[in-house]
Amino acid sequence: MALHCAALSFSCVSLSPQASGPSNRFLGPSSFIRKCSVKASAFSSPSPPRFRLQGKALESGNGPLETDESPLVVCFGEMLIDFVPTTSGLSLAEAPAFKKAPGGAPANVAVGIARLGGSSAFIGKVGEDEFGYMLADILKENNVNNEGMRFDPGARTALAFVTLRKDGEREFMFYRNPSADMLLQESELDLDLIKKAKIFHYGSISLITEPCKSAHIAAAKAAKDAGVILSYDPNLRLPLWPSAESAREGILSIWDTADIIKISEEEICFLTQGEDPYDDNVVRKLYHQNLKLLLVTEGPEGCRYYTKEFSGRVKGLKVEPVDTTGAGDAFVAGILSQLASDTSLLQDEGRLRDALRFANACGALTVTERGAIPALPTRETVHGALLKLVA
């Protein structure tokens, strides 16, 4: 069961290598002290970049242009309810009230793509309860195909309470007993929907426990066998894993099957056991032979990109952060919505950079509001922000 903001950490996500309390009950607030020091910086305003509005990749009259046979992105994993405090800078116990917000990294990406005018679907499991029905309705209201969603009568929809520091960064407390997302079975997969996709997107949280782990592996294999592009955002949440070692092993167990991988600076540090996440040689160690694109998000600084042929950095946008929840997922939605419509972006560095500026703007705009799904921007909002940048 994961959370949002995959890892476009517009500040540092505080994570814990050990859960506090019984693992089948809840996992306490985090206090993960990293071995490496990831640089912190204010939201800096980039110099006006070269930006071209790509008609093919960024806009069209009625949704994204379909230059390939199908623009569908199928997102697999968890969907849950985030309870976000209405006042920042307080602990969970001190918070006077919470805003109920739908979340879950794969679901955030699915909604983000639909908000941007793309085609998306979500596959996962929720409880047969009011929250589960609410989440299914939210997907439908946001034009996300929810035919692959399943309801469990014996388990509740996952919940997460999120503390917000004054800078908008978060810590999490998860409730799983177990939660329904952990119980999706291979037999419940909508394989036809998966095989129709252009891109199949997933995280690592669905690998933590059975039966969801087997369902995840089977779904990814079905996608790969059908020629679907595999997109992976590890979305490290250490409190949900039995140990840091099991998290590292689990995340890397499916690493070499992905075609596109998005990671954060903190995740590079974690996976390399303390190596410098700003060293290109360190990042290249994570680039496997069949990978098409490796993206490293740097929060307000933007992102780095690596392919076999080229690499570089694209600056981010200056915003006032309110809540970083969902920022990384918005970034992923931004880039996948364009790649699904035109995979040739992977071979054209100039157009890929433009697509990543669009994705950076998606992430930046999301941190200006509370919650994940409620804050995801529309294509028009993103275009407006980019046009202001170059005006």
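**Helix packing around α9**

In this predicted model, the axes of helix α2 (residues 105–115) and helix α9 (residues 327–341) come within 8 Å and cross at roughly 50 degrees. Local features need pLDDT of at least 70, side-chain atom pairs count only at pLDDT 80 or more, and totals for chains, interfaces and linings use all residues. Residues are numbered from 1 along each chain as its sequence is written, and side-chain values use heavy atoms, without hydrogens and water.

Me: Why are α2 and α9 called oblique to each other?
Reply: Angles under 35 degrees count as roughly parallel, over 145 as roughly antiparallel, 65 to 115 as roughly perpendicular and the rest as oblique. The α2 and α9 axes cross at roughly 50 degrees, and the two helices are therefore oblique.

Me: Which residues make the contact of α2 with α9?
Reply: Contact means heavy atoms within 4.5 Å. A105, N108, V109, G112 and I113 of α2 meet D329, V332, A333, L336 and S337 of α9.

Me: What makes up this contact by class?
Reply: Ala, Val, Leu, Ile, Met, Phe, Trp, Tyr, Cys and Pro count as nonpolar, Asp, Glu, Lys and Arg as charged, and the others, Gly among them, as polar. The contact of α2 with α9 has six nonpolar, three polar and one charged residues.

Me: Why are α9 and α10 described as roughly antiparallel?
Reply: Helix α10 (residues 349–366) packs with α9 at an angle of about 150 degrees, with the axes 7 Å apart. The pair is therefore roughly antiparallel.

Me: Which classes of residue occur in the contact of α9 with α10?
Reply: That contact has ten nonpolar, six polar and no charged residues.

Notes. Axes are lines fitted to C-alpha atoms, for helices over the stretch in contact, and angles run from 0 to 180 degrees between N-to-C directions. Helices (H or I, at least four residues) and strands (E, at least two) are DSSP runs, numbered from the N terminus.
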